[in-house]
Amino acid sequence: MIKIGIILGSTRPGRNGEAVAHWVRDIASQRTDAEFELVDLLDYKLPHLDEMLPPSLGQYSQPHTQEWARKIDSFDGFVIVTPEYNHSTSGVLKNAIDYLYAEWNNKAVGFVSYGAMGGARAVEHLRLIAGELQMADVRAQVGLSLFHDFENFSVLKPGDFQVEALNTTLDQVLAWSAALAPLRAAA
């Protein structure tokens, strides 16, 4: 069965991302066509990138990197939940992504973002990063507006159309994850 990691890309105190990631997981868990696991970056104590060698060499020396690599390697695809900070993604998410290389390769990725503009600019940056990591980013995405999908900018209350957008995103992530399986197997 396909295994999808839902990566919570914020560690900020009082983060809206926690409610968003749980919403994604709750909707995804109603499906029977894949397994979904929430991966909270708070659970992985990754300092600013501290590996001597480039991740593309796969020679990780730090125990925290090795643990992170095992976790990411265990998935066939991802849904990344990202805030938009200063017209981009969070620094902690970018740092976590930068730790690895081969573990991201030939896997599908979809995005659920949130922010004043729905997190669209964060996703634009993540799409460029995904391309460099040989990931297949799917077209569909969910952009949650702090003005329309949150009450008082902090209580998640997404509209029904957002559930539909999430299911479309999940459909595409699963389809691409399955399609890329032969490439992962060959690696």
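I count a charge as sitting over a ring if NZ of Lys or CZ of Arg is within 6 Å of the ring centre and within 35 degrees of the ring normal. With that rule I looked up Arg-12, whose charged end sits over the ring of Tyr-85, 4.8 Å from its centre.

**Ground rules.** I am reading a predicted model, where local features need pLDDT of at least 70, side-chain atom pairs count only at pLDDT 80 or more, and totals for chains, interfaces and linings use all residues. Residues are numbered from 1 along each chain as its sequence is written, and side-chain values use heavy atoms, with hydrogens and water left out.

**The sheet.** I took helices (H or I, at least four residues) and strands (E, at least two) as DSSP runs, numbered from the N terminus. Two strands pair if DSSP finds at least two bridges between them. I found an open sheet of five strands in the order 2-1-3-4-5, with parallel pairing. Its edge strands are strand 2 (35-40) and strand 5 (136-145), each pairing on one side only. From one strand to the next the twist averages 20 degrees; for such angles, axes are lines fitted to C-alpha atoms, for helices over the stretch in contact, and the angles run from 0 to 180 degrees between N-to-C directions.

I then followed strand 1 (residues 3-8), which pairs with strand 2 in the parallel sense over six bridges. Ile-6 has Leu-38 in strand 2 as its bridge partner.

Next I checked helix 5 (residues 160-179), which packs on the sheet and touches strand 1, strand 2, strand 3 (77-83), strand 4 (108-115) and strand 5. Contact here means heavy atoms within 4.5 Å. The direction of helix 5 makes about 160 degrees with that of strand 5.

**The rings.** Rings of Phe, Tyr and Trp (its six-membered ring) pair if their centres lie within 6.5 Å; planes under 30 degrees apart count as stacked, over 60 as edge-to-face and the rest as tilted. I get six aromatic pairs by this rule. One of them is Trp-68 with Trp-104, edge-to-face at 6.4 Å centre to centre, with 70 degrees between the planes. This pair links distant parts of the chain, 36 residues apart: Trp-68 lies in helix 2 (residues 63-73), and Trp-104 in the loop between helix 3 (91-98) and strand 4.

I also noted Phe-75 with Phe-78, an edge-to-face pair at 5.7 Å centre to centre and 70 degrees between the planes.

For burial I used relative accessible area: under 20% is buried, over 50% exposed, and in between partly exposed (1.4 Å probe, protein chains only). Trp-68 is at 1% and so counts as buried. Trp-104 is buried at 1%, Phe-75 is buried at 1%, and Phe-78 is buried at 0%.

Last, I listed one aromatic cluster, formed by Tyr-44, Trp-68, Phe-75, Phe-78 and Trp-104.
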